[in-house]
Amino acid sequence: MEAVIAVVALLFVLLVALGVYATVKVVGAAKRGVDRTIHQARRTVEDTTLKAKSYTQPGAVGELAQLRLKLRTSMRATQDALQAAVGEDESLRESLSLFDRLSTHGHELDRELKRLETEPDRSRLSAALPEMRERTDQITKSADSLRWAARDRAHRFANDDLDSLSLQIDMEAGALRHWTTTEAGPGARDSAGAPSSASTASAGPTQDGPAPWPAPAGPEGRAGAQEQTWPAGGAEPAAPAIAPPVARPTYSWEKKPRPESTT
């Protein structure tokens, strides 16, 4: 009895532990989903604000908003492209690690641009703009280079696979239409315009071809008087060239032929 109680207690503890683990996993997944949604919403709001500033605020502030928007758009597009392609092409791991190092400089530049937006001294802001513009162009150029290289690589692999698939399909289609090569007529010609071997063989006997037909061997040369004879060495045909005469049957109601007069 004590053993049964111990087993039941152990099963109860295992079920409780399993329920707690499942609850923690579900809560964690829900929290990550909520955080992801909040991050995307915050990013959308910030991008919309930057677009509005770039259009509505002229001068240095509007240019800072344009630089931040350009930087964020390029880095986000490159990150999405590399992360989506690295699962299919392991050689992009190195490119992704290089992008992570580039992202460090990009985040630092984005923070500096964000601080400059609240700079009250317009002269210092205007003096810092050329350097900010140069750094933004350098980072976005590197990010765009990684993104387009990854896309060109994927496009190249897709084209190679499509060419190989098309070749295999053409070969399979030719194999399925095998009767087109066996139904060629006896007068078919090859690609050079010469008669095929089948038509050459059926054109007639040549000097080195089969033996000619022999003449009848009847006493007066009448065709079909006797069976034909074949020269030595000649192959006998499957059937005689001319069928022998067949005796005509006679019936009781027919008149007997009259003998010919000898006078």
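What follows is a short chat about a predicted model of a protein chain.

Visitor: What does the secondary structure of the protein chain come to?
Guide: The model is predicted, and its protein chain has six helices and zero strands. Read along the sequence, the pattern is α-α-α-α-α-α.

Visitor: How much of the chain is buried?
Guide: Buried residues account for 19% of the 263 residues. The accessible surface comes to about 20800 Å², and 59% of that surface belongs to carbon and sulfur atoms.

Visitor: And contacts, what share join residues at least 24 apart?
Guide: Counting contacts between residues at least 6 apart in sequence, 57% join residues at least 24 apart.

Visitor: Salt bridges next. How many does the structure hold?
Guide: There are ten salt bridges in the structure. One of them is between the side chains of glutamate 63 and arginine 133, at 2.4 Å from N to O. That pair links distant parts of the chain, with glutamate 63 in helix 2 and arginine 133 in helix 4 (residues 122–176), 70 residues apart.

Visitor: Is glutamate 63 buried or partly exposed?
Guide: Glutamate 63 counts as partly exposed because its relative accessibility is 22%.

Visitor: Which residue does aspartate 89 form a salt bridge with?
Guide: Aspartate 89 forms a salt bridge with arginine 153, and the closest N and O atoms are 2.4 Å apart. Aspartate 89 lies in the loop between helix 2 and helix 3 (93–117), while arginine 153 is in helix 4, so the pair ties together parts that are 64 residues apart in sequence.

Visitor: Why does that aspartate 89 count as buried?
Guide: Because its relative accessible area is 14%, and buried means under 20%. Arginine 153, at 34%, is partly exposed.

Visitor: What does arginine 93 form a salt bridge with?
Guide: Glutamate 90 is the partner, with the closest N and O atoms 3.1 Å apart. Arginine 93 is partly exposed, its relative accessible area being 46%.

Visitor: Which residues are linked in a network of salt bridges?
Guide: Arg68, Arg72, Asp110 and Glu117 are linked that way.

Visitor: Switching to rings. How many aromatic pairs are there?
Guide: The count of aromatic pairs comes to zero.

Visitor: Then what sits over the ring of tryptophan 148?
Guide: The charged end of arginine 151 does, 5.1 Å from the centre of the ring.

Visitor: Now threonine 78. Where is it placed?
Guide: Threonine 78 is in helix 2 (residues 60–85). It counts as buried because its relative accessibility is 0%.

Visitor: Which residues is threonine 78 in contact with?
Guide: Leaving aside neighbours within four places in sequence, threonine 78 is in contact with Phe99, Ala143, Asp144, Leu146 and Arg147.

Visitor: Where does arginine 147 lie, then?
Guide: Arginine 147 lies in helix 4. With 9% relative accessibility, arginine 147 counts as buried.

Visitor: And what is arginine 147 in contact with?
Guide: With neighbours within four places in sequence left out, arginine 147 is in contact with Ser74, Ala77, Thr78 and Ala81.

Visitor: Last topic, the surface. Which residues form a nonpolar patch?
Guide: Phe12, Val13, Val16, Val20 and Val24 form a nonpolar patch on the surface. Together these residues have about 470 Å² of accessible area.

Visitor: Where is valine 20 found?
Guide: Valine 20 is found in helix 1 (residues 2–56). At 47% relative accessibility, valine 20 counts as partly exposed, since exposed means over 50%.

Notes: Residues are numbered from 1 along each chain as its sequence is written. This is a predicted model: local features need pLDDT of at least 70, side-chain atom pairs count only at pLDDT 80 or more; totals for chains, interfaces and linings use all residues. Side-chain values use heavy atoms; hydrogens and water are left out. Patches are made of residues with over 30% relative accessible area and no salt bridge: like charges are joined within 9 Å, nonpolar side chains (Val, Leu, Ile, Met, Phe, Trp, Tyr) within 5 Å. Accessible areas come from the Shrake-Rupley method with a 1.4 Å probe; for residues, only the protein chains shown count as cover. A salt bridge is a side-chain nitrogen of Lys or Arg within 4 Å of a carboxyl oxygen of Asp or Glu. Helices (H or I, at least four residues) and strands (E, at least two) are DSSP runs, numbered from the N terminus. Buried means under 20% relative accessible area, exposed over 50%, partly exposed in between (1.4 Å probe, protein chains only). Contact means heavy atoms within 4.5 Å. Rings of Phe, Tyr and Trp (its six-membered ring) pair if their centres lie within 6.5 Å; planes under 30 degrees apart count as stacked, over 60 as edge-to-face and the rest as tilted. A charge sits over a ring if NZ of Lys or CZ of Arg is within 6 Å of the ring centre and within 35 degrees of the ring normal.
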